[in-house]
Amino acid sequence: MDYLTVAFAKGRLGEQSAELFNKIGIGHCLDLKSRKLVFIDEENKIKFMLLKNSDVVTYVDNGVADIGIVGMDMLKESRSDVYQLYNLPFGYCNMSIAGMKGAEVDRNKSILRVATKFTNSAKEYFESRGQKIEIIKLNGSVELAPVLGLSDVIVDIVETGNTLRANGLEVMEEMFEINPLIIANRIGYKFKMKQIDGIIEKIRNLEEA
Ligand code: PRP
Ligand code: MG
């Protein structure tokens, strides 16, 4: 039997995914505290790859990984045509527009300056509303942009809302819900359907138990 290759994101999502897989008897080889990036589960014939969150879709899209676990935020941003197989039962949050608390940002100004990591999602959202924007692409600490006058608003993930609150910002609008999901390469899925569906079935049973 061929190895099933699974792309995992480093960080919190990877930890939650590993915990879930362990519960269904898979991936006990995973040691996320080590510096290793590949782990092999010989018993279940699975090869795990530990990647940066933003690279999981690329690996699955190119078929280097058969399946991957990734947030809807990254999937939407990539506009990639992978199978969306299963929504996982943790880590729900929102992609939101936020601005300085009480600042009454003029949302209809001729060109709204939007700072974000998620440029495609932001463009698509504002375009569909006929609002012209200037995108300011940042790679992190996006909340600082309106505080320092770099942008009028931000588009970013809000989970607990702590980062917004700590920096004097508030949600102006929730754009869409984000959850982690299992994605699959379209060709890889055809060849390894039985193994992939078996894993999903075990996760579903666990949820229903
Ligand atoms: C993420 C996200 C928000 C924050 C949301 O940032 O970009 O800033 O977490 O979580 P909260 O609502 O629970 O505060 P992250 O910590 O990944 O850092 P970065 O944006 O600087 O990469
Ligand atoms: Mg952040």
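You're looking at a predicted model, where local features need pLDDT of at least 70, side-chain atom pairs count only at pLDDT 80 or more, and totals for chains, interfaces and linings use all residues. Residues are numbered from 1 along each chain as its sequence is written, and side-chain values use heavy atoms, with hydrogens and water left out.

Select D152 and K109 to start: their side chains form a salt bridge at 3.1 Å, N to O. D152 is buried at 14% relative accessible area, while K109 is partly exposed at 30% (buried is under 20%, exposed over 50%, partly exposed in between; 1.4 Å probe, protein chains only).

Next, pick R79 and E124, which pair up at 3.8 Å, N to O. R79 is exposed at 53%; E124 is partly exposed at 45%.

Now go inside. Which residues touch the most other members of the largest nonpolar core? Show F8, F48 and I203, out of 55 residues in that core. A nonpolar core here means buried Ala, Val, Leu, Ile, Met, Phe, Trp, Tyr and Cys residues joined through side-chain atoms within 4.5 Å. Domain 1 (4-91 + 179-208) and domain 2 (93-177) both contribute, so the core sits between them; the bounds come from an automatic or database domain assignment.

Last stop: a second, separate core of 10 residues, including A115, L138, V142 and A145.

Notes:
Chains are lettered from A and ligands numbered from 1 in the order in which they are written. A salt bridge is a side-chain nitrogen of Lys or Arg within 4 Å of a carboxyl oxygen of Asp or Glu.
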